[in-house]
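Welcome! Let us take a walk through this structure together, one part at a time.

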Amino acid sequence: MKTLAKWSVEDYHRMIEAGILRDRHVELLAGEIVEMSPETPIHYSTAKRGAKYLEELLFGKADVRFNGPITLANSEPEPDIAIVRLPESSYNDRHPIPNDIFWIIEVAKTSLKKDLDIKAAIYATAEIQEYWVLSLSARQLIVFRNPQNGKYLEANTIEAGIITPLAFSDISVSVDRLLS
């Protein structure tokens with residue numbers, strides 16, 4: 001299928017304000033308005049538990065956003081979890097932008113290919129320093145780091161143990177807890 005039009009973030013916001021996208025579960029990805037995959041119960045539960053866990057670990061250090069939009073140059077995805085700079089009130093009039101974002105987490109059951117290909121490229125292009133994908137089917141955490149030229153140069157798969165986010169060297173995140 002050919003793309004008929006590319007939309008800017010500003011166009012997308014105007015459509016939302018005008019009610020054009022009301023009752024539609026969509027996000028803007030690389031200038032295209034894309035239907036979001038329906039969430040399975042395990043996807044939602046895992047993402048919610050992960051957000052709560054990270055809120056405990058990062059209390060007073062970062063804002064942990066659950067299923068909320070972020071604004072990039074030509075995209076406005078809604079990652080499952082976004083860890084962003086404080087204060088939370090910074091986002092009363094706008095969504096977080098790349099300079100606000102420490103790292104992003106997507107939980108994947110039916111969306112794994114999109115998360116590994118399309119979203120990884122979008123986040124790398126925006127120079128999001130760290131991007132995690134929780135693969136529910138494989139019970140793995142895929143960690144992307146070092147974005148350059150629209151790609152992450154590092155990709156590591158972790159099945160168990162501890163990971164330290166780049167932005168917080170004093171925090172240890174349990175992979176087992178994220179996948180539970």
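**A helix and its neighbours**

In helix α1 (residues 9-18), the residues Val9, Tyr12 and Met15 are buried. Buried here means under 20% relative accessible area, exposed means over 50%, and partly exposed lies in between, using a 1.4 Å probe and protein chains only. Helices (H or I, at least four residues) and strands (E, at least two) are DSSP runs, numbered from the N terminus. Looking down the axis of α1, you find its buried residues within an arc of 120°, so they line one face of the helix; the arc is that of the directions from the helix axis to the C-beta atoms. The face turned away from this buried side carries the exposed residues Glu17 and Ala18. Just after α1, glycine 19 takes a positive phi of about 85°.

Please keep in mind that this is a predicted model, in which local features need pLDDT of at least 70, side-chain atom pairs count only at pLDDT 80 or more, and totals for chains, interfaces and linings use all residues. Residues are numbered from 1 along each chain as its sequence is written, and side-chain values use heavy atoms, with hydrogens and water left out.

What do the buried residues of α1 pack against? They pack against β1 and β2 (32-35). Valine 26 has its place in strand β1 (residues 26-29), and it counts as buried because its relative accessibility is 6%. Leaving aside neighbours within four places in sequence, valine 26 is in contact (heavy atoms within 4.5 Å) with Tyr12, Leu21, Ile33, Val34, Glu35, Met36 and Glu78.

Met36 turns up again in the largest pocket: among the 19 lining residues, Met36, Ser37, Glu39, His43 and Asp80 lie nearest its centre. On a 1 Å grid over the protein atoms alone, a pocket is an open set of points where a 1.4 Å probe fits, with protein on both sides within 12 Å along at least five of seven lines; lining residues have an atom within 4 Å of a point. Both β5 (101-108) and α3 (112-125) supply at least two residues of this lining, and α3 gives the most, with three residues.

Two strands pair if DSSP finds at least two bridges between them. Glutamine 148 stands opposite lysine 151 in β8. This hairpin has two residues between its strands, and asparagine 149 takes a positive phi near 50° there.
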